[in-house]
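Hello,

Here is the structure I said I would pass on. Please open it first, then read my notes below.

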Amino acid sequence: MTGVGARAWLPKSAFTREAVEGALSEPLQAWAARWFARATLGVARVDFSSEASIAPASNIRLTGSGVEVELTGIGKRHLLEAALDADLSNNVLTGPDRRLLDMFVRNVLEDLVSQFEKTFGPNIENDGNRVIARLALAGHDVLTLHVPEVSLIAVLKRSKHRENSPASTLVRRSAALRHTVLHAYGYLGSTEIGIAELEALGAGDVLVLDRALDENIDLRLTDGGTTFLRGRLCEDAGGYSIQL
């Protein structure tokens, strides 16, 4: 539900075939799984309309919760063949046979409308703008869905949000910090002098530290920070190093 004076909206560019197919996939696949053992179902085409269409008298059309399902005569045959997993082209059907098959088809379509009610709610909002999705079953165009645009907006927005959100996987703190660059400081020792002595220092003067050269060296990550390791001073290739 939207607030007073506000309504859900997306630009027409958001209603691509791929986006509409994704939004319709849950109710369509749940419906197809119940009725078609081997035939695959998909969205073949997506159009838009703000006007009510008039179906030919030969077509079957069901309406429920703002969703309309339209089935042509040839579409009915393809739907029956997919549902019954049989080729009906060489079968001679009597009047009772045809009536029985028509009842079966109507049950299949009513189940599709019911599935949309379960997915989008029993009262789908309708502002007059519709997405017209033409469905293909086993490679044949079978039926047409007239779905209110507003009923798909929430699903399309959630899908877009997931696409724009960076993938986030929790990792151990040690792994997350593994490639962080740190500056380590080695402390030989310290001493205290006054300002006057500091000002009087010159080249060649010696400051006596509070630690002998053979004592441990403190290793810290910040100037004046806490010591996290200790080692000893070593000569290494003409320079000095700290052995931990």
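Start with strand S3, residues 67–71. Of its 5 residues, 4 are buried, so the rest of the structure largely encloses S3. Buried here means under 20% relative accessible area. Keep in mind that this is a predicted model.

S3 has two partners that I want to point out. One is strand S2, residues 60–64; S2 and S3 pair antiparallel over 5 bridges. In that pairing, isoleucine 60 sits opposite leucine 71 of S3. The hairpin of S2 and S3 has 2 residues between the strands. Look at serine 65 there: its phi is positive, near 55°.

The other partner is strand S5, residues 140–148. S3 and S5 run antiparallel and are joined by 4 bridges. Leucine 71 turns up again here, opposite leucine 143 in S5.

Now the helices. Which way do H1 and H3 cross, left-handed or right-handed? Their crossing is right-handed. H1 covers residues 17–35 and H3 covers residues 95–120. The two pack at an angle of about 145°, and their axes are 9 Å apart.

On the H1 side, the contact residues include Leu24, Leu28, Trp31 and Trp35. On the H3 side, they include Phe104, Val108, Leu112 and Phe116. Charged residues take part too: the contact of H1 with H3 divides into 12 nonpolar, 3 polar and 3 charged residues. Among the contact residues are Glu26 and Arg34 of H1 and Asp111 of H3.

Best wishes

Definitions and conventions: Residues are numbered from 1 along each chain as its sequence is written. This is a predicted model: local features need pLDDT of at least 70, side-chain atom pairs count only at pLDDT 80 or more; totals for chains, interfaces and linings use all residues. Side-chain values use heavy atoms; hydrogens and water are left out. Axes are lines fitted to C-alpha atoms, for helices over the stretch in contact, and angles run from 0 to 180 degrees between N-to-C directions. A crossing is left-handed if the near helix is turned anticlockwise from the far one by less than a right angle, and right-handed if clockwise. Contact means heavy atoms within 4.5 Å. Ala, Val, Leu, Ile, Met, Phe, Trp, Tyr, Cys and Pro count as nonpolar, Asp, Glu, Lys and Arg as charged, and the others, Gly among them, as polar. Buried means under 20% relative accessible area, exposed over 50%, partly exposed in between (1.4 Å probe, protein chains only). Two strands pair if DSSP finds at least two bridges between them.
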